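Welcome, and thanks for opening your viewer.

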Amino acid sequence: MATIDGLPPLRAVIAEHGLSARKSLGQNFLLDLNLTAKIARQAGDLSACDVLEIGPGPGGLTRGLLAQGARRVLAVEKDARCLPALAEIAEAYPGRLEVVNADALELDVLAHLTPPVRVVANLPYNVGTELLVRWLTPPAWPPFWQSLTLMFQKEVAERIVAQPGGKAYGRLAILAQWRAEARIVMSLPPGAFTPPPKVSSAVVHLVARPEPLYPADPETLSRVVATAFNQRRKMLRSSLKGLSPDIEAHLQAAGITPTERAEQVPLEAFCALARSLDGAAS
Ligand code: SAM
């Protein structure tokens, strides 16, 4: 069957290179090239960007990104078994695909990228949240990336875009939405993957804000939010009392009723509370 790029279908690639999926590496492959091209399109115009892809596996999404016109793709794959299949893609797109055989949690990707950079990945579930948190908490803002287009388990995707008032709202929502605009752009059933995972998945598109939505010191905000949500059922005047002897006054200065619970408090008020605790005007 003809493919979008003239390379063999992914099932044939997997059979030829013996790429049986390994659970320990979070391997659930996307084999439909129309679907991977659709995911690549969610990332916007890639023609002037370097794309960082974590976990290319047999290369379905990599091929989608290149077919959609990405200037260059840096693909970081831990599983050396995938390298010959990825080398075939690099050959079909001369000078546009660099493959690095490394653990994404350890590699200094900046040494391999030229701005502007967009990140697009069908992440291994076991490292997805950790990578997202790292990308959202660099030493300086704005970060090295313009946007992140990432596949997550649906439940994690919902936590990233959650609004106050529900169980999904917590640290991840606040961290993501403080520094980025985040929305779910696609939902995928387990059957879209080979082998199918137990849960549904969703693609989240995050665009880096030029600066965080409201002023706050990142460390104070992170401490406040972690403390508040560690005891999310408690009233804030009680869960946060370890942060200051005057916590009720700080809560009121931030416009928060001290008897509220963490999941009712919008991002803006958490930032005001962080500023009040730091002694800044709110
Ligand atoms: N992108 C491919 C696709 O969409 O079909 C594969 C996605 S699969 C969910 C995750 C991929 O990440 C696997 O190829 C796996 O080997 C790779 N991987 C797992 N842990 C990794 C890590 N720490 N660093 C880099 N790659 C990793």
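## Stop one: strand 5 and its neighbours

Strand 5 and strand 6 (residues 145–153) run parallel, joined by 6 bridges. Strands and helices here are DSSP runs numbered from the N terminus, with at least two residues (E) for a strand and at least four (H or I) for a helix; two strands pair if DSSP finds at least two bridges between them. Before you go on, note that this is a predicted model, in which local features need pLDDT of at least 70 and side-chain atom pairs count only at pLDDT 80 or more, while totals for chains, interfaces and linings use all residues. Residues are numbered from 1 along each chain as its sequence is written, and side-chain values use heavy atoms, leaving out hydrogens and water.

Select Ala-121 and you will find Leu-150 of strand 6 opposite.

Next, colour strand 5 (residues 117–122) by accessibility: 6 of its 6 residues are buried, so the strand is largely enclosed by the rest of the structure. Buried means under 20% relative accessible area, exposed over 50%, and partly exposed in between (1.4 Å probe, protein chains only). One side carries Val-117, Val-119 and Ala-121, the other Arg-118, Val-120 and Asn-122, and all are buried.

## Stop two: the ligand

Select the ligand and the residues around it: there are 20, and the closest are Gln-27, Leu-30, Gly-55, Glu-77 and Asn-122. The cut-off is a heavy atom within 4 Å.

Then show backbone atoms. A backbone N or O atom of Lys-78 lies 3.3 Å from a ligand nitrogen atom, and one of Pro-56 lies 3.4 Å from a ligand nitrogen atom. For Gly-57, a backbone N or O atom is 3.4 Å from an oxygen atom of the ligand. Taken alone, the ligand exposes 600 Å², and the protein buries 99% of that (Shrake-Rupley method, 1.4 Å probe).

## Stop three: the aromatic cluster

How many aromatic pairs does a search of the whole structure find? The search finds 3. Rings of Phe, Tyr and Trp (its six-membered ring) pair if their centres lie within 6.5 Å; planes under 30 degrees apart count as stacked, over 60 as edge-to-face and the rest as tilted.

Select Tyr-169 and Phe-229: the ring centres are 5.9 Å apart and the planes at 80°, so this pair is edge-to-face. Tyr-169 is buried, at 2% relative accessible area, and Phe-229 is buried at 9% relative accessibility. Phe-229 also pairs with Phe-270, tilted, at 5.8 Å centre to centre and 45° between the planes. Finish by selecting Tyr-169, Phe-229 and Phe-270 together, which form one aromatic cluster.

Notes: A polar contact is a pair of N or O atoms within 3.5 Å; within protein, one must be able to donate a hydrogen and the other to accept it, and residues adjacent in sequence count only if both atoms are side-chain atoms.
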